[in-house]
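Here is a briefing on the structure shown below. It goes through strand pairing, domains, cores and the chain contact in turn.

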Amino acid sequence: MRLTGAQALIKSLETQGVEVMFGLPGGAILPVYDPILESSIRHILVRHEQGAGHMAEGYAMVTGRPGVAIVTSGPGATNIVTPLSNAYMDSTPLVVVSGQVPTGAIGTDAFQECDITGVTMGITKHNWLVKSADDIPRTVAAAFHVATTGRPGPVLIDVPKDVSNAQMDWYWPSSIDELDLPGYSPVREGDPVAVRRAAQLMLSAERPVIYAGGGVLKARATAALRELAERTGFPVVTTLMGRGCFPDSHPQCLGMPGMHGNYTAVTSMQRSDLLIALGSRFDDRVTGKVDSFAPHAKVIHVDIDPAELGKVRRAEVAIAGDCRIVIEELIEALAAAGLDGRPAAGTGQPGATGRPGTPAADRPALDEWWEQLRRWQDEFPLHYERDEGGAVKPQMVVETLRDLSPGDTIVASGVGQHQMWASQYWRFDHPDTWVNSGGAGTMGFAVPAAIGAKVGRPDRTVWAIDGDGCFQMTAQELVTAAAERIPVKIAILNNAYLGMVRQWQEMFYAERYSEVYLSPDLPDYVLWAEAMGCVGLRVESSEEVAPAIDKANQIDDRPVVIDFRTDAFEKVFPMVPAGASNDAIVVHPEQDRNLR
Amino acid sequence: MAEGARHHILSVLVENKAGVLARVAGLFSRRGFNIFSLAVAPTDEARFSRITIVVDVESAPLDQVVQQLDKLVNVVSITNLAPHEAVERELLLATVAVDPAERSQVIELVGVFGGEVVNVGADRLTIMLAGGPDKIDDFEGLLGTYGIVELQRTGRVALPKLTRAQPSIAEAG
């Protein structure tokens, strides 16, 4: 079958099982847009290429399938650099197709020419400049293989216009061997000797903590993690990228560690004698000052990326492998080494001390540890000052949203205070329901990511919890959502500030507020929402919070934006100051007295 | 050889494709790894090239450098050569300004080191020397007393030593 390169590209995407792609056409990619008219793939026309990239990320994060975006050369391609960088940091599988000027014009500074493979070399898992139409099916198959296997990540395929227009004979590679990837072979199984050593360490631990990250979600290892946790009776912390990989309502879940983690999660790691790091990477926002992080803990580190092992913290046992497979191997090794096969407590029944989640009698060694953990939980729960009748508290908005929305609601967020409150106060009981920008910290992520998530899971309610600063960066994609009838819901926690920067200036720069004020009503978010084809609502008092959310939850035919006017002075607590030890955790001022 | 402790040789087999060197060099620069020297050439198999990198292991743990390199899709394999386990060679070309009185001294020096005068001018000589890094360093130092006009070193290439029983032979040439 003779096809043009463009037809072969679209047919390759179809063959790869792509159902939807996000993009915006332009000169160099024009040939590829023609066969889209006949394609089974749904194309969502974005208003800015950054939106296409974040939508593809949101789609990928909730479906586990690679997100696909398509853009033209030059500025089209550079506009998607931020999403590529974001996906690289958070290990999200993306396949981005970019147009390129014709082969003969490459290197001449042609109109809309940009060396995008050069630009994205350091922020993609791999990229390809396709030089011949014959290479297209093989390159597309290789791109999906690389994006989705091993540690997932973004890839980019740059297609010059003459390659799109050239003729080729259609084929589809029949096996991985035909993909021309002699240097690519990700690991999967863990080293059995290391797994047995890990099991031995786990059996003798007195203050163990399972430190579960985004890799657990990527590996579809949530059921395995739950089994491991329940069999061992070990507490579990879930990182910002791992929220939802172990249910927040499970009695063994301690919640989120890190710079804005809760006191118990942070302190449990500091006092731990064994950290079992599963698909987590000792990010600086989790460890604080590395030298004083978890000083007494031995470390078992499981990661599919061997380069993460020992990168930040030396591990007593380092296991390169797929999280799900290695956790299952660990469960077997623990059983073989004598751990009782019965699920331990932690399933809601009171344990030996009468506290939920305290391990049963078969793990008496952990009783003391659980008692300590429960004391910390009692003394230092997440806390904010409830001010009925006063300014709307952003934490209260998140709690009300959580309580009034279905349990499996997908929550997207931008970056800043609102993101931390969302992560702290939402109850993540289901995997793949939290869509945020962790590693890169990309403001403006929430709106397009929520749209992509809703496209991937139209059956779910999708709320974006956004800040006013973030919203202004990518709000135009609500036009896309309205036009494509993608009914996402956006809660703007509008405190009229770049709130996290404001918080740092208040705490660490002697209240010298430099360039952080945004104004609560410029722009007018309600009018803006309406202009973009959305329903716009405004909430100015605490009593209006619940009714507005109820109203928004009933709208299912168009996007909704709620402008919550929230307390500008509210800060995120707890907080570990940047560069400080986690032992220097700052709790809410009202809890200070509880610290010795 | 003081640098032995700081430097490590990685012999990296890569796909012989456009942009691969940029990927390797870019990885070193963005991760903050220092390259001491680098040599690239095709191998006996046209699909592959070999990059010999002398890495400054004080800038990052060697294992981290190897693991990050190994993640590059175009990197096929990495052989880690500790200095005492490798045969290393480098080539030096230097043009030296010599007045007639010194000319014979320089030619004698070249002879002692087993080098070669490859070009002769009225008041200049271009000299070539191949050898182990220490020898090249010594030669360069001695040559410095004669006024070096231009000097170029290739960077090292290396192969593993065949057996531990032959270190003196390996060092001799």
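Two strands count as paired if DSSP finds at least two bridges between them. By that rule, β6 (residues 116-120) of chain B pairs with β7(B): 4 bridges join them, and they run antiparallel. The model is predicted. Chain A is divided into three parts: domain 1 (2-179), domain 2 (192-379) and domain 3 (394-565).

**Strands of chain B**

- β6(B) and β7(B) form a hairpin, with 3 residues between them.
- Within this pair, B:Val120 stands opposite B:Leu125 of β7(B).
- β7(B) also pairs with strand β5 (residues 86-97) of chain B; 8 bridges join the two, again antiparallel.
- Here B:Glu90 stands opposite B:Gly131 in β7(B).
- Which residues of β7 (residues 124-131) of chain B make up its covered face? They are B:Leu125, B:Ile127, B:Leu129 and B:Gly131.
- The uncovered face of β7(B) holds B:Arg124, B:Thr126, B:Met128 and B:Ala130.
- In a regular strand, side chains alternate between the two faces of the sheet.

**The parallel sheet of chain A**

- An open sheet of 6 strands runs in the order β16-β15-β17-β18-β20-β19 (chain A), with parallel pairing.
- Its edge strands are β16 (434-435) and β19 (535-539) of chain A, and each pairs on one side only.
- Helix α16 (residues 394-404) of chain A packs on this sheet and touches β17, β18 and β20 (560-565) of chain A. The direction of α16(A) makes about 160° with that of β18(A).
- Helix α17 (residues 417-425) of chain A lies across β15 (410-413), β17 and β18 of chain A. Its angle to β17(A) is about 140°.
- Strands β17 (residues 462-467) and β18 (residues 489-494) of chain A pair in the parallel sense over 5 bridges.
- A:Gly467 has A:Leu493 of β18(A) as its bridge partner.

**Domain 1 against domain 3 in chain A**

- The C-alpha centres of domain 1 and domain 3 of chain A lie 30 Å apart.
- Each domain gives 25 residues to the contact.
- On the domain 1 side, β2 (20-23), β3 (42-45), α3 (49-63) and α5 (81-89) of chain A each supply at least two residues.
- Which element gives the largest share of that side? It is α3(A), with 11 residues.
- By class, the domain 1 side has 11 nonpolar, 11 polar and 3 charged residues.

**Nonpolar cores**

- The largest nonpolar core has 206 residues. A:Ala69, A:Leu225, A:Leu278, A:Ala450 and A:Ala491 touch the most other members.
- Helix α7 (residues 136-148) of chain A gives the largest share of this core, 8 residues.
- Leaving aside residues up to four places away in sequence, A:Ala450 touches A:Gly58, A:Ala412, A:Val435, A:Val462, A:Ala464 and A:Val488.
- In soluble globular proteins, nonpolar side chains tend to be buried together.

**Chain B against chain A**

- The contact takes 15 residues from chain B and 13 residues from chain A.
- On the chain B side, α1 (20-31), α2 (62-71) and β4 (75-81) of chain B each supply at least two residues.
- α2(B) gives the most to that side, with 5 residues.
- The chain B side divides into 4 nonpolar, 6 polar and 5 charged residues.

Definitions and conventions: Residues numbered from 1 in each chain as written. Chains lettered and ligands numbered in written order. Predicted model: local features only at pLDDT ≥ 70, side-chain atom pairs only at ≥ 80, totals over all residues. Contact = placed C-beta atoms within 7 Å. Axes fitted to C-alpha atoms, helices over the stretch in contact; angles between N-to-C directions. Domains from an automatic or database assignment. Nonpolar A, V, L, I, M, F, W, Y, C, P; charged D, E, K, R; others polar. Core = buried A, V, L, I, M, F, W, Y, C linked by C-beta atoms within 7 Å. Buried ≥ 20, exposed ≤ 12 C-beta atoms within 10 Å, placed from the backbone.
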